[in-house]
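Please work through the exercises below with the sequence and the 3D view at hand, and try each task before reading its solution.

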Amino acid sequence: MTDIKGKRILLGLSGGIAAYKAAELTRLLAQAGAEVRVVMTEAACRFITPVTMQALSGNPVHTDLWDASVPNNMAHIELSRGCDAIVIAPASADFLAKLALGLCDDLLSTLCLARECPLLAAPAMNLQMWGNPATQRNLAQLRADGIAILGPASGDQACGEVGMGRMLEAVEIFEEIDASFQPKLLAGKRVLVTAGPTLEPIDTVRGITNTRSGKMGYAVARAARDAGATVTLLSGPTALAPPRGLERIDVSSAQEMHDAVMARVAKADVFISVAAVADYRPKEAKGHKLKKGTGEMMLELQPNPDILGTVAARRRPPFCVGFAAETENLEAYADAKRRRKKVPLLAANLAQHAFGADDNQLILFDDAGKHELPRAPKIVLARALIAHIAKLLPKK
Ligand code: C5P
């Protein structure tokens, strides 16, 4: 399901109360098939024991620069070779400062300096420590040195204060590590994605909608972001948490989604229309709750604008990708829809296979014909779709 399987990840813990989240992160990485080696600073061992980390990673935990049990007696070299990534979580203010200066007075800082692989750090500290100019100066240096800084988040802190400096949750760090392994096929591209259903108001408390969960559109947005694109996600009403690292704009009706797309499309290189836009809306939305009567009730509907069709008809359209959910005659309907909407690529699925589920199967239609993507988690399909888009994008 992820590209973490088979990866060698060195997880380094420095001292911080968020060390408990590193235990869960280790479990997630090990479950996904990574080989996890854990190195802890002396301060980290005050918060969580090496025994826990050994049990979860299935490997001995290293804490000592002078560890004589390491074959060549050079733990810092031995451990940092052959790694696909080093992840520091939690990364304390002190540890970030050491990294920024290139200090190496313990095993973890030494192997970071001796590394040949990417380094990712998830800061965790009190909000004043985070905001201190010294920390911010160090972070700027670390970013300039190519070190990926994951988070932090804002929220309740162990010290009782509230603000920036909370370490990301284990699952968020896991997703960031997974993202770091994705090829940057859309680097420098701006991608606009629509997702979810739309809600067409009947009155102030009722509306017409559909059963789309938004999961496929969110997966596509995340995959585009992981491929290095700058992503704007225009989302209809869903219960999904916004993916990290992209701009999410919430809209409700098809007209709102249309206006939000039109305001941004001129700058987009790629437009991926995953939303299940309602084809019709009530002609008149009442500004108060309709009262129940005794007889029948007629609802007059009028068509909504076709967002994808309008974008594809622009004089200089972005690369447009449509989606088609059908309940029957999938291939014939989808291929006809691609031609009618004049889009270079259309992804089709059977509605009964996809709605609300975590996996799906897709058939891609383009000028070369059809390409089947077998059943897989939506994020896997989304990544395959992004790779296909990257291949079709006009080369500058
Ligand atoms: O015409 P149909 O709704 O089947 O087409 C599906 C594709 O068109 C999807 O990509 C959907 O996001 C897009 N669409 C749109 N605006 C509409 C209706 C559909 O952008 N009003």
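This is a predicted model: local features need pLDDT of at least 70, side-chain atom pairs count only at pLDDT 80 or more; totals for chains, interfaces and linings use all residues.

**Exercise 1.** Work out in which order the five strands of the open sheet are arranged, and which of them are the edge strands.

*Solution.* Begin with the order, which reads β2-β1-β3-β4-β5 across an open sheet whose pairing is parallel. Next, look for strands that pair on one side only: these are β2, at residues 35-40, and β5, at residues 148-149, and they are the edge strands.

**Exercise 2.** Describe how β1 and β3 pair, and find the helix that lies across β1, β3 and β4.

*Solution.* Take the pairing to start with: β1, which covers residues 8-13, and β3, which covers residues 85-91, are joined in the parallel sense over four bridges. Within this pairing, I9 has A85 in β3 as its bridge partner. Then turn to the helix, which is α9 (residues 170-180), and its direction makes an angle of about 160 degrees with that of β4 (119-123).

**Exercise 3.** Characterise the second largest pocket by its volume, its lining and the elements that supply the lining.

*Solution.* The volume of this pocket is about 630 Å³. Its lining is made up of 25 residues, among which A275, V277, D279, K337 and K341 are the closest to the centre. Sorted by class, the lining of the second largest pocket holds 14 nonpolar, four polar and seven charged residues. Finally, assign the lining to elements: α12 (307-312), β16 (319-326) and α13 (330-341) each supply at least two residues, and β16 gives the most, with four residues.

Conventions
Residues are numbered from 1 along each chain as its sequence is written. Side-chain values use heavy atoms; hydrogens and water are left out. On a 1 Å grid over the protein atoms alone, a cavity is a set of points where a 1.4 Å probe fits but cannot get out, and a pocket is an open set with protein on both sides within 12 Å along at least five of seven lines; lining residues have an atom within 4 Å of a point. Grid points are joined across faces, edges and corners, and a volume is the space filled by probe spheres set on the points. Ala, Val, Leu, Ile, Met, Phe, Trp, Tyr, Cys and Pro count as nonpolar, Asp, Glu, Lys and Arg as charged, and the others, Gly among them, as polar. Two strands pair if DSSP finds at least two bridges between them. Contact means heavy atoms within 4.5 Å. Axes are lines fitted to C-alpha atoms, for helices over the stretch in contact, and angles run from 0 to 180 degrees between N-to-C directions.
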